[in-house]
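The following paragraphs lead the reader through selected features of one protein structure. Please keep the sequence and the coordinates at hand while reading.

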Amino acid sequence: MEDRHTEMELDFTKDDLPLMANTNHMLVKHYVLDLDVDVKNKVIEGKIVLFFGNDSREEVREQMEEAGRSWSDETCQVQAPESGSVPVSNASACSPESGCNDFAVCGKGENDTSDKNGSHGNREQASGISSSKNCCDIEIHGNEDFSLVLDCCDLSVLKVEEVDVSLVPGVEEFASPAKLTGSSQDARDRRNQIVHELVTLPADHWKEQLDYYRRCSRAPACGELLFVTGSWSLEIRKAGVQLPKDFPHALRIWYKTKPGGRSLSWTTDQNDRLCVYTVGSPINNRALFPCQEPPVAMSTWQATVRTDACFVVLMSGENSAELTESEEGVLNWFYYVTMPMPASTFTIAVGCWAEVKRKTYATGVQRNDGIFPLFSKADIRLLEGACGHVPYPCRFQEPAATSQVMIPHRIFAPPCLQKSCEEILLPLIPQCLSASYALLGTHPFSRLDVLIVPSNFSSLGMASPHIIFLSQSTLSGGSHLCGTRLCHEIAHSWFGLAIGARDWTEEWLSEGFATHLEDAFWSAAQQQLLADEARERQDLKALLRWQRLRDEVQNSEEDLQVLRPNKENTGKVTESGASVVKHGLNAEKTFMQVHYLKGYFLLRFLAGKAGEAEYFAFLRKFVWRFHEQLILSQDFLRLLLEDIPQLKGYGLSVENIFQKWLDCSGIPKLSSDQLVLLLECLLEKKTLCSKTLECLQKTYHLREQDAEVRHRWCELVIKHKYVAGYVDVEKFLKEDQAMGVYLYGELMLNEDAKQQEIAHKIFATTRDQMDVSSAKVVAEMLF
């Protein structure tokens, strides 16, 4: 056993989530999970095999930056980044702890990751990351052994070993002398070369690749490795190996979860039966299996899960589970994905779920193409080009997939909720899927499961590849809440999953887009709606959201209102690839919607300026170019301004959008039309106190707005007898006589002596200058 202190020198506070994996040195390409789920004892136990590629995060980032520079017009060929996407990262109540125990030879007992009490210093830096070299960087550039760092917490790691893939029958073709260079024909290089050839097999060999992954994952070990667990990481070392290229490229980790692990919720469903499901953020899956969490670490996976035959296992997977019986009363559930995704998007749910099946199948779902056209000729020409991501069996290149209005879908729920699902959810899914296709085109994923999760679920919905979790709260009170939430989660298939944020602090790139698309999808899904009626409903929704955003901004910390908290350092990492998610563990942030709402209003503003038809045409093109890639805010904004140049005519630029929308707290200045809509909504309220009206005037500077806005403000002043605003009414009646006639009537109808006195006084001073017809109408009101 060796005594080594290996804390990574990241600068973060107790509210920040550390991403410890040194992805600039090695990247996982594929995970093979082989797990046993013990629901009764609240433990998942087994092994995971990690296959690494030869590329690093630094190379991936350079590819991404090149991709952003390559967009020019609809005929350009984008040099695309590493494929992938990013999950939605919300906050929750827990505190990061750091510190590592001693390196230990694996197999000597459990290494508990939950009881370390060291703490990180709270040092202020613009990027949130210390500029000092961390331990992994020193190991690379110095004389010490290289350490592979994985994100990990709340796990008991039992053993780590190198897998001898060279012993797998049939892999000889991967390790022929012609494929080994120079003097690299020793056993270590032979094993790494085999893994390299395996992870780089052509996309059309994916079935063969999955089979070899399975067989290699079961190969014997060729040596145990040293490892150490900390509160946020698992570090693995092989004695004498100083460079990542020489480090084993196939590792097997034996581990088990803990009942209190924060990636899983062990609970009971609505029928009081035991179940477990992944809860997603804030720590994502690092308490389910050791992994590389940063979004740039794109990987595929396959998983075999064993559990009692009474349980159903649902998972992120392209297939609808292949079932085998391993022993009496125990079933094996097998899933896989061939689209590279961040490990944090992996989702599993195990319970006594019942499938909700339709009694009669409705064919020929109609699309509502009246709000936005499906595809223009320019859209269709996109199909002629190659995708910009790394090769995989992409649906955007499959003619059958690109014309698939609806993807296969299933619903699972506790038996007590089956009837509600049949009545409400079942008919909505085809409508919402066809509406989303009508607006954005090809569905990124080949199938969809929808699960009604237990009542302890802390949100209304959560989207993951191939599976959506919905709260039981969406099933009551008609179809509106269920439909809008379903549309929101379906929207994440494109924004949040197929296209992800390179920096998790830019949540608005997922949630803002999903909120904006939610309205468009839901309007298109309601086939009976006329376009004008749909827009009226969207305007009303916008007003309600504005009020919610305004209230949140007034009652939350300013730091939590910034959509790009790292500003010019967004997307930057330490030399090893480690980083932090600013405010990622802030408990208050769990309940905030600023990234949803502020992002929504930015997109609504841009769509309004561009014209919705042109905006959605651009969005379809953007999806085509950038699916399975990671972006930053500037990537989207720059390309939007290039593709719709008339936006620059409004004085818009990436820099001023950052300044007014993304890099600041608070809410942007409302347009006159938006203010009129807000005030008209407030006029419908029976009572508003003086403090609310005072705050309203100060927040929106109503006295300095145009006459339409000031007229509504005067109406509010009169209705609620806001004495401090009477001076505004008097000024309006004097200076805006063409619009003031209506206000005289309001002053008299209130039967308030002070207000009637104002009406008579102002009329007496302005009567001789008024238009004859107007003066006659006012006189009839007053006398």
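A pocket, as the word is used here, is an open set of points on a 1 Å grid over the protein atoms alone, with protein on both sides within 12 Å along at least five of seven lines. The structure to which this definition is applied is a predicted model. Its second largest pocket holds about 870 Å³ of space. The lining of this pocket comprises 34 residues, of which R604, F605, G608, S671 and Q674 are the closest to its centre.

Six helices each supply at least two residues of that lining: helix 9 (508-525), helix 10 (531-554), helix 11 (594-610), helix 12 (612-626), helix 14 (654-662) and helix 15 (672-683). The greatest contribution comes from helix 11, with seven residues. By residue class, the lining of the second largest pocket divides into 18 nonpolar, nine charged and seven polar residues.

Four strands form an open sheet in the order 12-13-18-15, and their pairing is antiparallel. Strand 12 (264-268) and strand 15 (312-315) each have a single partner strand and therefore stand at the edges, with one side of each left without a neighbour in the sheet. From one strand to the next, the twist averages 15°. Strand 15 is joined to strand 18 (residues 348-351) over four bridges in the antiparallel sense. Within this pairing, V350 of strand 18 is the bridge partner of V313.

Is E293 buried or exposed? Its relative accessibility is 0%, so E293 counts as buried, the cut-off for that class being under 20%. Leaving out residues up to four places away in sequence, E293 touches L19, D151, I283, N284, N285, R286, S344 and W504. The C-alpha atom of E293 is also separated by 6.9 Å from that of A21, although the two residues are 272 residues apart along the chain.

H443 counts as buried because its relative accessibility is 2%. With neighbours within four places in sequence set aside, H443 is in contact with R395, Q404, V405, M406, I407, L433, S436, Y437 and W494.

Methods
Residues numbered from 1 in each chain as written. Predicted model: local features only at pLDDT ≥ 70, side-chain atom pairs only at ≥ 80, totals over all residues. Heavy atoms only, no water. Pairing = 2+ DSSP bridges. Axes fitted to C-alpha atoms, helices over the stretch in contact; angles between N-to-C directions. Buried < 20%, exposed > 50% of the residue type's maximum accessible area, 1.4 Å probe, protein only. Contact = heavy atoms within 4.5 Å. 1 Å grid on protein atoms, 1.4 Å probe; cavity = no way out; pocket = protein on both sides within 12 Å on 5 of 7 lines; lining within 4 Å. Points joined across faces, edges and corners; volume = space filled by probe spheres on them. Nonpolar A, V, L, I, M, F, W, Y, C, P; charged D, E, K, R; others polar.
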